Structure formats: C-alpha cells, structure tokens
Amino acid sequence: LEAFGKLNTSYLLHEYNHCHWQPLYANQVIEPLRELGLSYLGSATLAENFDGLLPMAVQKQIQQQGDPGLRELVRDLLTNQSFRRDVYVKGMDPLWPREASAALEQVRVCGLLQQDALDDESSYRFPLSWGEFQGNRDCIRALMEGLGDRTRSLAELHPSLPAGITQLTLLQNLCLLLGRMAVALVPGERDRGPSQRFNAHIAASVAAG
C-alpha cells in the first residue's frame, strides 16, 4: 500500500479502478490458455528462467512439480513473486538439446558499458524478484573484456572465459547483464525477400480496393 503512493496515477487507474480487475495465480492463466493452444514458454525477464539462480531448497521444491502450471505457482509462492511478465507460444516445437546448443552458440551480443564500469563491486549484484543474486565475477569480467567494442557470438566469446565455465553459466550471466542493459542482443542477417513480397501483395490489394 505504501508503494502505491509512488506509482503513476494513470497506472493505478488502469490496473485497479475497474470492475473486471482480478489477480490470478500463474496456473489460473497457464491452464486455460493451454486449452486454447497456447503454451507457456517462459518469463520475459530472462534471468528468471534459470532455476539455478534460485536457492537450492527452492529449486528442489519446483523440480518436484510435474505440471507446468503448478510448477510456476510453487515458484511464485516460494519467491514471493507478485507481478509476472510471461511469454506464450502457439504450437510448441522444442529443439533437441544439441540443436538448441548450436543455435545459442550463434547468438551475437555487444557490450554497452565501459570496462571501468565494472570496478564497483555492486556491478556484480543483480536484483531479481526474489532477492539479490551475486553474479559470477570472473565470468562477467571476462565476458565484458571479450566483447570490448566488438560484436561477438557466444561461440567466439567462450574461449576467452575462465576454464570450466559452461554454456549454461555463460547464458545465466549474459541474461543478468541483458536485464541491466550492460549488453545487447544483435540481430543476425535476415532474408528480407519473403516480407518484401508480402508487403508488396498487401500494397497491391489496398490499391485495388
């Protein structure tokens, strides 16, 4: 209630001042949408998709849940989550582990901070919904040094990291940095032909009435 006084008035009106406002638990959204063909994909807050960032006792409780909706409900209760930003997908088509790993290796990123911005110890502490997480200092420093002022893929970055750093550890720390806007994703080259042909067809249809 104390926090409400600090929020924008328009936000409060939009969120609370209408007859249809009713907060829902995660499973109360996941299950009905699943019946409509939409599958829960994950949190839009990238770092919150890694169970390894949670305390071990919380991880164990979440992993015991077989149902996706119940798993997210337990996660929210144990982390005191009050506001979710979730992504859903129509037609889940998961990659095989090697396919996923190979695709991730091609993800390209660039740094947005100067190296001296990491001199402060607070640069390695990240606020998440359940509390503060201490990032891997060696991995983060090596990652930012490896980027410098260039754009590099994860495959190109990996050799510059300390020995023993797995792809999962790299991804976790990268997502923490993305959340802080210390790094940014760089889109790869795309074939614009299909979209240009589609746009031309739409324009022709509009011109024809």
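Predicted model: local features only at pLDDT ≥ 70, side-chain atom pairs only at ≥ 80, totals over all residues.

What follows starts with the whole chain and then stops at a few residues.

**The whole chain**

Switch to cartoon and you can count nine helices and seven strands. The radius of gyration is 21 Å, while the globule rule gives 17 Å for 209 residues, so the protein is more spread out than a compact globule.

Now put a surface on. The protein exposes about 14200 Å², with carbon and sulfur atoms supplying 56% of that area. Of its 209 residues, 28% count as buried. Colour by charge next: there are 19 positive and 24 negative side chains, and the centres of these two sets sit 3 Å apart. As for contacts with a separation of 6 or more, 70% come from residues 24 or more positions apart.

**Stop one: Ile-140**

Select Ile-140, which you'll find in helix H6, residues 137–147. With a relative accessibility of 0%, Ile-140 counts as buried. Which residues does Ile-140 touch, leaving aside neighbours within four places in sequence? Show Leu-118, Tyr-124, Phe-126, Gly-135, Asn-173 and Leu-177 to see those contacts. Then draw a C-alpha to C-alpha distance from Ile-140 to Leu-1: the two are 139 residues apart in sequence and 37 Å apart in space.

**Stop two: Leu-154**

Move to Leu-154, in helix H7, which covers residues 154–157. Leu-154 is buried, since its relative accessible area is 1% and the cut-off is under 20%. Not counting residues up to four places away in sequence, Leu-154 touches Leu-104, Glu-105 and Val-107, along with Leu-170, Leu-171 and Leu-174. Pick Leu-174 out of that set: its C-alpha is 9.7 Å from that of Leu-154, and the pair are 20 residues apart along the chain.

**Stop three: the cysteines**

Is Cys-175 buried or exposed? Buried, at a relative accessible area of 12%. Finish on Cys-19, which counts as exposed because its relative accessibility is 71% and the cut-off is over 50%.

How values were computed:
Residues numbered from 1 in each chain as written. Heavy atoms only, no water. Helix = DSSP H or I, 4+ residues; strand = E, 2+ residues; numbered from the N terminus. Rg over C-alpha atoms; globule rule 2.2 N^0.38 Å. Buried < 20%, exposed > 50% of the residue type's maximum accessible area, 1.4 Å probe, protein only. Contact = heavy atoms within 4.5 Å. Areas by Shrake-Rupley, 256 points an atom, 1.4 Å probe, with all protein chains shown as cover. Lys, Arg positive; Asp, Glu negative; His and termini not counted. Charge placed at Lys NZ, Arg CZ, Asp CG, Glu CD.
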